[in-house]
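Thanks for coming. I will go through one structure this morning, starting with some charged pairs and then moving to strands.

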Amino acid sequence: MASNSQKNPRPDGAAFDDFFESLGKKAEHLTIDERNGKKDPATNHTASLDTAPNEQEDEENEPKIVDEIESLCMNCHENGITRLLLTRIPFFREIIIMSFFCPHCNFKNSEIQSAGEIQQKGSRYELRLTDQADFARQVVKSDTCIVKFIELGIEVPAGRGQLTNMEGLLSMILEDLELQQPERKEQIPEVWAKIEEVVTKGRKMIAGESFPFRVDLDDPAGNSWIEPDQKDGVGKWSKVDYARTPEQNEALGLGAGDEEETPAGTIGQPTAATFEEDDIIPNEVYSFPATCPGCTKSCVTHMKMVEIPHFKQVVIMSTVCDHCGYRSNEVKTGGEVPEKGKKITLKVEGPTDLARDILKSESCALECPELNLSVNPGTLGGRFTTVEGLLTQVRDDLHQQIFDVGDDSGAGGDSLPSEAKQTWKSFFDGLNEAIKGERKFTVVLKDPLASSYVQNLYLPDSDPQIETEEYERTAEEEEDLGLSDMKTEGYVDEVGIEKRRLEEEKITEESNG
């Protein structure tokens, strides 16, 4: 243990690499041991009595692929065997696969548990299934995840963890619904008819007769996942991270976060109360108490307004929690909502263009056609950085999800198909060439709120490498931004009018009385 923590600490999660190897690497170790004439380390069996002490010690130190634990059967209350397999899933993180079997009553059970910590934010995945190939996508459903098949009108509450695919997930739900259907038909036929209608519709979905339809995974712990595909376009696969509510944190055992102490970081600094009625001073750092979205305890949020030349004012916000270590940085743009959206196209031709300042707002979509890169709005949040920094962040975030932690060779996990490995390797090679300035490409920012920006190197003249155009927002964009329900003209203070009317009636009644 000491040798693993001396120097060059590995990235987050890599400390478990010796335990949470992919299945392919575990099988490779087993093959090597068999070639060397060692005993089978696949399961953690007890050494025989005639084994020499040094051989017993060596065998105990051997890494076990599958651990076996004697445990109580909840069906017949005799002792059965639980097998544990610690592994890592490509695109995701470490999990524990558990399988129980009782030789007395033949009871079987299998489930998975996340081996990682509760994530700082909850996550919501949505996949739009359009063909049979989408049924083969891998799915991790943790025991805190809620599953919804939107068009089917089914919501499955949090329960047993599962490692399956889309077809298996839907099939298991339909099988559970079909249980006790004969009894329902006799006792409550109206309920039987409704369930039968849902089951019939679900079977048509599995048969490929009801495309397209959507599935939604909502996990407050952030430990569920739907397998993405590099060919997914906008609207096909989406992931949104969100701050948990106090109720969700309490359900996860993180506490209600009802502490009232004032964080030390706000003492002696301007706070929200000091500028409530005054204008915010540019370049002045303001600190005010906030609630950590990770643990719901008190933390400090720092805010600073910065003026971007030839653009507008933006607010840089930073939150740090001393309790759980949560950190976040965001960039918010201010001002009125423009009538039209804006599309900015930058032609990157060398290192000078990679050093340009770029502001990608939270509502902005990023696309690089030459690199086969497409980033949906909200994925990276608001970022004020350089073109190189933005591409580097996209590369690092994708790489740690697809390949094993610390796997710089691009070998990937064993369950990642060879064709997909080659496709992702080619994608990352192209992205690395672009970051080093060895490849020309185009950056396209499409922002319905016109709040994104790319630095102009030829001011006050126009930049020949930047094309800017305004466009009419679609009805879907208006709906997503909440603009379709916003009343900006002919606004009447209905609450104020009603309040004044009640006051007048009260005065009239008092005068008449």
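Let me begin with K236, which forms a salt bridge with D134; their closest N and O atoms are 2.4 Å apart. Please keep in mind that this is a predicted model. The two residues sit far from each other in the chain, 102 residues apart. K236 is in the loop between strand 11 and strand 12, while D134 is in the loop between strand 5 and strand 6. Both K236 and D134 are buried.

Next, a pair with other surroundings. E472 forms a salt bridge with K340, and here the closest N and O atoms are 3.7 Å apart. E472 lies in the loop between strand 24 and helix 10, and K340 in the loop between strand 16 and strand 17, so this pair ties together parts that are 132 residues apart in sequence. E472 counts as exposed, at 54% relative accessibility. K340 is partly exposed, with a relative accessible area of 34%.

How many salt bridges does the structure hold? The count is 18. One more to mention is between the side chains of R124 and D218, at 3.4 Å from N to O. This pair also links distant parts of the chain, with R124 in strand 5 and D218 in strand 10, 94 residues apart. R124 counts as partly exposed because its relative accessibility is 31%. D218, at 16%, counts as buried, since the cut-off for that is under 20%.

That brings us to strand 10, residues 213-219. Of its 7 residues, 6 are buried, so the strand is largely enclosed by the rest of the structure. Strand 5 pairs with strand 10 in the antiparallel sense over 7 bridges, and R128 stands opposite R214 there. Strand 7, residues 146-149, also pairs with strand 10 in the antiparallel sense, over 4 bridges.

Elsewhere, 3 strands form an open sheet in the order 21-18-23, with antiparallel pairing. Strands 21 and 23 are the edge strands, each pairing on one side only. Strand 18 and strand 21 share 4 bridges, and I358 has T385 as its bridge partner in strand 21.

Last, the surface. E476, E479, D480 and D485 form a negative patch. D480 lies in helix 10, residues 475-480, and is exposed, with a relative accessible area of 60%.

How values were computed: Residues numbered from 1 in each chain as written. Predicted model: local features only at pLDDT ≥ 70, side-chain atom pairs only at ≥ 80, totals over all residues. Heavy atoms only, no water. Patch = residues over 30% accessible without salt bridge, like charges linked within 9 Å, V, L, I, M, F, W, Y side chains within 5 Å. Areas by Shrake-Rupley, 256 points an atom, 1.4 Å probe, with all protein chains shown as cover. Salt bridge = Lys/Arg side-chain N within 4 Å of Asp/Glu carboxyl O. Lys, Arg positive; Asp, Glu negative; His and termini not counted. Charge placed at Lys NZ, Arg CZ, Asp CG, Glu CD. Buried < 20%, exposed > 50% of the residue type's maximum accessible area, 1.4 Å probe, protein only. Pairing = 2+ DSSP bridges.
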